[in-house]
Amino acid sequence: MTLSNVRDLYQQVILEHYKKPKHKGKTTPVHRYQKGHNPSCGDTIELTLRLNETGDTIEDVKFEGEGCAIAMASADLMADVLRGKQIDEALEMVQRFQSMMKGQAEFPKEQRKLNVMQGVAQFPVRIKCANLTWHTLKAALETASSASLEEFISNEKDD
Amino acid sequence: MTLTQEKTLAAQVRTDFPILQQQVNGKPLVYLDNAATSQKPLLVINTLKDYYEQYNSNVHRGVHTLSAKATDAYEAARDKIANFVKAASRQEIVYTRNASEAINLVAYSWGTSNLQKGDEIILSVMEHHSNLIPWQLLAQRTGALLKFVELTETEEFNLGQFQSMVSDRTKLVAVVHVSNTLGCINPIQEIIALAHQYGARVLVDACQSVPHMPINVQQMDCDWLVASGHKMCGPTGIGFLYGKLDLLRSMPPFLGGGEMIADVFLDHATYADLPHKFEAGTPAIAEAIALGAAVDYLTDIGMDKIYAYEAELTEYLFEQLQQIPEIRTYGPQPKVAGLGRAALAAFTASDVHPHDLSTILDQAGVAIRAGHHCTQPLHRYLVAQSTARASLSFYNTREEVDVFITALKEAIEFFGGIFG
C-alpha cells in the first residue's frame with residue numbers, strides 16, 4: 001500500500017495532538033458548555049469554555065469526547081489557538097475553517113498551525129470529522145449563557 | 001469443499017459483477033461491505049434495462065400488451081421469491097420498499113389492532129434499528145412493554161434468558177436471524193417454538209440470512225419474515241414481507257390507495273385480496289422484476305453452495321484476524337470449518353479508531369464499514385463506541401481477504417508507531 005496519501009491526511013502534528021492532547025478535560029469555571037455529535041458515525045464531543053470577566057474573550061477551551069484521530073486532533077488544535085480570542089474573532093475562525101475544508105481558504109500566520117488540517121479537504125467523507133469541534137464551538141458561542149444544554153448539536157444537519 | 005473448488009465458485013461468478021472489475025485509489029477494488037449492500041450481477045442490471053427499454057408499463061391496470069407483460073413479470077417475480085423462501089402460497093409474499101417498511105407494516109397493521117397496555121414485546125439487544133424503532137413507536141401508541149434478550153458470554157442470543165422472559169403476557173417476539181454486527185446465527189427454530197407455546201407471534205428479520213443461506217419459512221414456522229432486496233443482489237427500493245396467509249388475511253390494510261382496493265365508494269371501500277391488499281399505489285415494478293432475477297441468479301448458484309463457500313471464507317478470515325494481536329472481534333468465533341456464524345467480522349483494533357482504519361483501508365482499495373452499523377444499543381451494550389466491519393459475499397476470494405489483512409496490519413502499524 002502506498003501510504004503517501006494517508007500521510008498527507010495524518011500528518012505527524014495531527015497524530016501528536018491525537019496521541020497526546022493538551023486540552024482534554026473541563027474548564028473551571030464553565031461559562032459555555034456544548035455537546036456535539038455526528039449521528040451517522042457516533043463521534044461525540046463536549047466543549048467547555050472559560051470566558052473573561054466581560055464575557056467577550058475566550059480564556060480557556062477544553063474538550064472531552066470520543067472519535068477518530070481527525071476529530072480529536074481537530075478539537076485539540078482548535079483549543080490551542082482559541083485562547084485569548086474574542087468571541088467574534090472565534091466565530092470568524094469557524095467560518096474560515098469550514099471554508100478551508102472546502103479547499104477555499106487557509107489561516108494567516110499567527111494561526112497557521114490549523115493549516116495542518118488542510119489535507120482533510122482531499123478526503124470528503126472525513127471533512128465532517130474535522131468540522132465537528134468547530135460546529136460545536138459555534139453553537140457554544142451562540143448560546144447566551146452556560147445553560148447546560150443536554151441536547152446534542154448535530155454536525156450533519158447542514159450537510 | 002476443497003480450496004480448488006472454493007476458488008472456482010468466486011472465479012465462476014466474478015465476471016458477472018461488472019462493478020468489481022475496477023480500481024479504487026489505484027488499487028483493485030476489494031468490496032467487503034456486503035452486509036450494507038451487495039453488488040448486482042449483470043442479470044439483474046440487464047433485467048432493469050430490458051424492462052425500461054422494452055415493456056415499461058403499469059401493472060394490474062391496462063389491457064394492452066405491455067401492461068400485461070409487465071404484470072406477468074411482476075407477478076412471476078413474486079412466485080420466484082415465494083419458492084425461494086419456501087412459502088406455502090404466493091399470496092404470502094407482499095412487496096415492500098425494504099425490510100424496514102415490511103416491519104412497519106406489521107407494527108401498524110397487526111400491532112395497533114392487537115396489542116394493549118401491558119402486553120409484552122420481546123426483542124434482543126442486537127436488533128438493527130429497523131427492528132427496534134417500529135416497536136418503540138408501537139409501544140408508545142399502545143402502552144405495550146418492550147423487553148430485551150441480552151447476550152451470552154460468547155456474545156450470542158441468550159436463549160436461556162429468553163426462556164425465562166417469555167410468558168402469557170408475550171404477544172410478539174421480533175428478532176434478527178443473523179446479526180449484522182455480531183454475525184451470530186440465532187437459534188430461530190427454538191425461539192419460534194418457545195414463543196408459540198405461549199401464543200406469541202414471531203417476526204424474523206432475515207436481511208442478513210436470506211442472501212447467505214437456504215431459508216424455509218414453513219420449517220421455521222415464523223409468522224412473518226422480512227428481507228431487503230438490495231442485500232441479496234437485487235436493486236434498492238424493493239424488499240418483501242412473508243406472512244402466514246390467515247394472519248395476513250386478518251390484518252387491516254396498512255397504506256391506502258390504488259391497487260389495494262376491490263370496490264370503492266365515496267364513503268367506504270372493500271379491499272383487494274392478498275397480497276395486493278398491502279400494496280397501495282404503483283409499486284416498484286422494475287425493482288420487483290429485477291429482484292426476481294436476483295433470486296434466479298442465487299438459486300442458479302444454489303444457496304447451499306453459497307453457504308458452504310462463505311463458511312470457508314469465514315474460517316479463513318477469522319484465522320487471519322486471530323493472528324493480529326491488536327484485533328478484538330465481536331460475536332462468536334466460527335465453529336469447525338467456519339460454520340455457525342455469518343461471513344462478517346465486526347472488530348476494533350486497539351487504539352485505532354474504526355474511521356481512521358477505514359480511510360487507510362480505502363487507500364488500499366478495500367471497502368469496509370466503520371461506525372455503529374445501525375445497532376447503537378448493541379454497541380452501547382458492548383461498550384464499543386463504534387466498530388469496523390468486513391462483510392463478505394460469495395464473490396469474494398481468499399486473495400481479497402489477504403489484501404484486507406495486509407492493509408489492516410499496515411494501518412495498525414502506522415498508528416501503532418505513535419502509541420508505541
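At what angle do the axes of helix H2 and helix H3 of chain B cross, and within what distance do they come? Keep that in mind as you open the viewer; the model on your screen is predicted.

**Stop 1: a helix pair in chain B**

Select residues 42–55 of chain B for helix H2 and residues 65–84 of chain B for helix H3. Their axes cross at roughly 160° and come within 10 Å. Angles over 145 degrees count as roughly antiparallel, and H2(B) and H3(B) are therefore roughly antiparallel to each other. Turn the view until you look through one helix onto the other, and you will find a left-handed crossing of H2(B) and H3(B). Now show side chains: from H2(B) come B:Tyr51, B:Gln54 and B:Tyr55, and they meet B:Leu66, B:Lys69, B:Ala70 and B:Ala73 of H3(B).

**Stop 2: a helix pair in chain A**

Move to chain A and select helix H4 (residues 87–100) and helix H5 (residues 127–142). Here the packing angle is about 150°, and the axes are 10 Å apart. H4(A) and H5(A) are therefore roughly antiparallel to each other, and H4(A) passes H5(A) in a left-handed crossing. On the H4(A) side, colour the contact residues A:Ile87, A:Ala90, A:Leu91, A:Met93, A:Val94, A:Phe97 and A:Gln98. Their partners in H5(A) include A:Trp134, A:His135, A:Leu137 and A:Leu141. The residues of the contact of H4(A) with H5(A) divide into 10 nonpolar, three polar and two charged.

**Stop 3: where the chains meet**

Next, bring both chains into view. Chain B gives 20 residues to the contact and chain A gives 25. About 2,000 Å² is buried between chain B and chain A, with carbon and sulfur atoms giving 60% of that area. How many salt bridges does the rule find across this interface of chain B and chain A? The count is one. To see a salt bridge between the two chains, select B:Asp356 and A:Arg126, whose closest N and O atoms are 2.9 Å apart.

**Stop 4: a link within chain B**

Over all chains, the count comes to 25 salt bridges. One to pick out is B:Arg14 with B:Glu400, at 2.8 Å from N to O. This pair links distant parts of the chain: B:Arg14 sits in helix H1 (residues 3–14) and B:Glu400 in helix H14 (residues 398–419) of chain B, 386 residues apart.

**Stop 5: loops and backbone details**

Select B:Gln91, in the loop between H3 and strand E4 (93–96) of chain B. B:Gln91 and B:Gly243 are 152 residues apart in sequence, yet 8.9 Å apart from C-alpha to C-alpha. Among the residues that B:Gln91 touches are B:Leu245, B:Asp273, B:Leu274 and B:Pro275.

Stay with the last two: the peptide bond from B:Leu274 to B:Pro275 is cis, with omega near 0°. B:Pro275 belongs to the loop between strand E12 (269–271) and helix H10 (285–301) of chain B.

In chain A, look at the bond from A:Thr28 to A:Pro29, which is cis with omega near -10°. A:Pro29 lies in the loop between helix H2 (12–19) and strand E1 (32–38) of chain A.

Finish at B:Cys233, a residue other than glycine with a positive phi, near 75°. You will find B:Cys233 in the loop between strand E9 (224–228) and strand E10 (239–243) of chain B.

Conventions
Residues are numbered from 1 along each chain as its sequence is written. Chains are lettered from A and ligands numbered from 1 in the order in which they are written. This is a predicted model: local features need pLDDT of at least 70, side-chain atom pairs count only at pLDDT 80 or more; totals for chains, interfaces and linings use all residues. Side-chain values use heavy atoms; hydrogens and water are left out. Axes are lines fitted to C-alpha atoms, for helices over the stretch in contact, and angles run from 0 to 180 degrees between N-to-C directions. Helices (H or I, at least four residues) and strands (E, at least two) are DSSP runs, numbered from the N terminus. Angles under 35 degrees count as roughly parallel, over 145 as roughly antiparallel, 65 to 115 as roughly perpendicular and the rest as oblique. A crossing is left-handed if the near helix is turned anticlockwise from the far one by less than a right angle, and right-handed if clockwise. Contact means heavy atoms within 4.5 Å. Ala, Val, Leu, Ile, Met, Phe, Trp, Tyr, Cys and Pro count as nonpolar, Asp, Glu, Lys and Arg as charged, and the others, Gly among them, as polar. Buried area is the accessible area (1.4 Å probe) that two parts lose on being put together, summed over both. A salt bridge is a side-chain nitrogen of Lys or Arg within 4 Å of a carboxyl oxygen of Asp or Glu. Lists of a residue's contacts leave out its neighbours within four places in sequence.
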